[in-house]
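Please read the report below alongside the sequence and the model, which are shown here.

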Amino acid sequence: KLWLILIPATCDLIASIMQYISLNFIPASVYQMLKGGGIITTALFSYLLLKKRIKRSQLAGCVLALLGVTIVGAANLLFTNSSSFE
């Protein structure tokens, strides 16, 4: 039964490695804001896989999180100073 824990642990390890690599390419503040996308992913998987209903207040929170992630991601793309990585 140990192998049942090994699969999600391996996926989490790979995700953590990829997140730490991404920290080399974006500012830490943008990285922290973009991690808020996990809220949206969790709500989506909860609805699709577990068939749980999402309350109106939870949906409003997901919409606000999506709006914040979109604004921060777009601002990082639009206003990146390429000379800062030299």
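Leaving aside its neighbours within four places in sequence, asparagine 76 is in contact (heavy atoms within 4.5 Å) with Ile26, Pro27 and Val30. Asparagine 76 has its place in helix H4, where helices (H or I, at least four residues) and strands (E, at least two) are DSSP runs numbered from the N terminus. With a relative accessible area of 19%, asparagine 76 is buried, a word that here means under 20% relative accessible area, with exposed being over 50% and partly exposed in between (1.4 Å probe, protein chains only).

The model is predicted, so local features need pLDDT of at least 70 and side-chain atom pairs count only at pLDDT 80 or more, while totals for chains, interfaces and linings use all residues. Residues are numbered from 1 along each chain as its sequence is written, and side-chain values use heavy atoms, with hydrogens and water left out.

The chain has four helices and zero strands, and from the N terminus on its elements run α-α-α-α. The radius of gyration of the chain is 16 Å, well over the 12 Å that the globule rule gives for 86 residues, so the chain is more spread out than a compact globule; this radius is taken over C-alpha atoms, and the rule is 2.2 Å times the number of residues to the power 0.38. Along its principal axes the C-alpha trace spans about 50 × 40 × 15 Å, and buried residues make up 14% of the 86 residues.

Helix H3 (residues 37-49) has 13 residues and reaches 18 Å from its first C-alpha to its last, close to the 18 Å expected at 1.5 Å a residue, the expected span being 1.5 Å times one less than the number of residues. Its buried residues are Gly37, Ala43 and Ser46, and these pack against helix H2 (28-34) and helix H4 (56-78). After H3 comes lysine 51, whose phi is positive, near 60°.

| Helix | Residues |
|---|---|
| H1 | 2-22 |
| H2 | 28-34 |
| H3 | 37-49 |
| H4 | 56-78 |

The lining of the largest pocket consists of Gln19, Ser22, Ile26, Tyr31, Leu34, Lys35, Gly37 and Gly38, and H1, H2 and H3 each supply at least two of the lining residues. By class, this lining has three nonpolar, four polar and one charged residues, with Gly counted among the polar ones.

Key:
1 Å grid on protein atoms, 1.4 Å probe; cavity = no way out; pocket = protein on both sides within 12 Å on 5 of 7 lines; lining within 4 Å.
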